[in-house]
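Hi,

Here is the structure you were waiting for. Please open it alongside this email; my notes follow below.

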Amino acid sequence: DDPTGLLEALRARLEEEPGLLNFVSHVTPVERAFDFDSPGQFEARAHAVLEQWLDRLAGRCFHVRMHRRGFKGRLSSQEEEQALDHFIRAGLERQGSAAEIDFDDPDVIVDVETVGQRAGLALWQRADLERYRALLGVD
């Protein structure tokens, strides 16, 4: 229920026990999750979430980063990243807002994680990325 709270608790624990990082490559808390049966269903459900987040992305530099585990050959991480980037920009343009795609110094990263046919999405602000970069693995 509290992605940032989870990251903060883990970050504090790692300060006390840095060796724990040997057992955790990254953590992926998400704000919204859904199941999907097909690439089309994935896109429709991801679009529904992103539509609700457009105000949080307006006037910001961003990019979508997708980590896919499973659904190989049916869902392409790179193609979905590009399609979701396009969807966000088109939605913002319809609202009269602008946003830039920026891979070097984004204000926000839209993190999309899939495991099999389950997807989770999170929106990480620059401050989150700076504070939790070692844990998130979303560059």
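Charges come first. The protein carries 17 positive and 27 negative charges, and their mean positions lie 4 Å apart. Keep in mind that this is a predicted model.

Now the surface. The accessible area is about 7,600 Å². Carbon and sulfur atoms supply 47% of that area. Of the 139 residues, 39% are buried.

Next, the overall build. The protein has four helices and five strands. Their order from the N terminus is α-β-α-β-α-β-β-β-α. The radius of gyration is 15 Å, close to the 14 Å that the globule rule gives for 139 residues, so the protein is as compact as a globular protein of that length. Along the principal axes, the C-alpha atoms fill a box of roughly 50 × 35 × 25 Å. Take the contacts with a separation of 6 or more: 71% of them are between residues 24 or more positions apart.

Helix H2 deserves a look. H2 covers residues 39–57 and has a kink of about 40°, centred on Glu 51. Which residues of H2 are buried? They are Phe 42, Ala 46, Val 49, Leu 50, Trp 53, Leu 54 and Leu 57. And what do these buried residues pack against?

- strand E1 (32–35)
- strand E2 (61–69)
- helix H3 (77–94)
- strand E4 (108–115)
- strand E5 (118–125)

Just after H2 comes Gly 59, with a positive phi of about 70°.

Last, Arg 131. This residue sits in helix H4, which spans residues 126–136. Leu 50, one of the buried residues of H2, is 81 residues from Arg 131 in sequence. In space the two are 24 Å apart, C-alpha to C-alpha.

To look at these places yourself, start with the kink at Glu 51 in H2, then go to Arg 131 in H4.

Best wishes

How values were computed. Residues are numbered from 1 along each chain as its sequence is written. This is a predicted model: local features need pLDDT of at least 70, side-chain atom pairs count only at pLDDT 80 or more; totals for chains, interfaces and linings use all residues. Side-chain values use heavy atoms; hydrogens and water are left out. The bend at a residue is the angle between axes fitted to the seven residues ending there and the seven starting there. Helices (H or I, at least four residues) and strands (E, at least two) are DSSP runs, numbered from the N terminus. Buried means under 20% relative accessible area, exposed over 50%, partly exposed in between (1.4 Å probe, protein chains only). Contact means heavy atoms within 4.5 Å. The radius of gyration is taken over C-alpha atoms; the globule rule is 2.2 Å times the number of residues to the power 0.38. Accessible areas come from the Shrake-Rupley method with a 1.4 Å probe; for residues, only the protein chains shown count as cover. Lys and Arg count as positive and Asp and Glu as negative; His and the chain ends are not counted. The place of a charge is taken as NZ of Lys, CZ of Arg, CG of Asp or CD of Glu.
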